[in-house]
Amino acid sequence: MKKLLFLCGPNGIGKTSISKKLVNMLPHSAYVDSDPCRIMNPFVLNDDTIPTISKNISDLISNYFNCPAVEIVIFSYGFHGRRKEVFARVIESISSFQYDFVPCLLWCGKEENIKRMNADSRSEDRIARALEESRKAFDGISYPKIDITHLSIEQAASAILAQANL
């Protein structure tokens, strides 16, 4: 059965970097990055754009689920703002497939989160928004949590594989 390895966590924690490492570590895997699915000017999440962005993401996941060469689809996403609506639509859209949902909530300390965002050359405003909005978005999420505060990308990917029994 196909697997959807879902990585979530606050902005700037390293979801994309870790996902790219995982796809290289896991044979027969594919990575769906939501960033290219929502490149538009101006970018806003609203009633007009959410259906399109959701369909872009779910179409990619569906295409990989339909591909006999792919066994594991890695999908990383954040839940702040209206992004939960996008996620819910994606999950609903792929509900006709039989797959194992394997979620992992990535977490790190606030200072480490800031350090990582600074390393990505994010603006002070963007960092402040991420700390205010995206960290709180995971309160109450019951997915298995992996603290990656002191882990390298490789170590975090290995911890995810161990947690997910992959």
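**Note on the strands and helices of a predicted model**

1. In helix α1 (residues 15–25), the buried residues are Lys15, Ile18, Ser19 and Leu22. They sit on the same side of α1, because the arc they cover around the axis is only 100 degrees. The model is predicted. The buried residues of α1 pack against β1, β2 (29–33), β3, β4 and α6 (153–163).

2. Helix α3 (residues 83–93) has Arg83, Val86, Phe87 and Val90 as its buried residues. These also fall on the same side of their helix, α3, because they cover an arc of only 100 degrees around the axis. The partners against which the buried residues of α3 pack are β1 (2–8), α2 (50–66), β3 (72–77) and β4 (99–107).

3. Strand β3 is mostly covered, with 6 of its 6 residues buried. In a regular strand, side chains alternate between the two faces of the sheet. From β3, Ile72, Ile74 and Ser76 point one way, while Val73, Phe75 and Tyr77 point the other way; all are buried.

4. β3 pairs with β1 in the parallel sense over 6 bridges, and Tyr77 of β3 is the bridge partner of Cys8. β2 and β3 also run parallel, joined by 5 bridges; here Ser76 of β3 is the bridge partner of Asp33. Together, β2, α2 and β3 make a right-handed β-α-β unit.

5. Glu124 belongs to helix α5 (residues 124–134). Glu124 counts as exposed because its relative accessible area is 59%, and the cut-off for exposed is over 50%. Glu124 and Gly12 are 112 residues apart along the chain, and their C-alpha atoms are separated by 13 Å.

Technical notes:
Residues numbered from 1 in each chain as written. Predicted model: local features only at pLDDT ≥ 70, side-chain atom pairs only at ≥ 80, totals over all residues. Heavy atoms only, no water. Helix = DSSP H or I, 4+ residues; strand = E, 2+ residues; numbered from the N terminus. Buried < 20%, exposed > 50% of the residue type's maximum accessible area, 1.4 Å probe, protein only. Arc of directions from axis to C-beta. Contact = heavy atoms within 4.5 Å. Pairing = 2+ DSSP bridges. Right-handed = clockwise from strand over helix to strand, strands pointing away.
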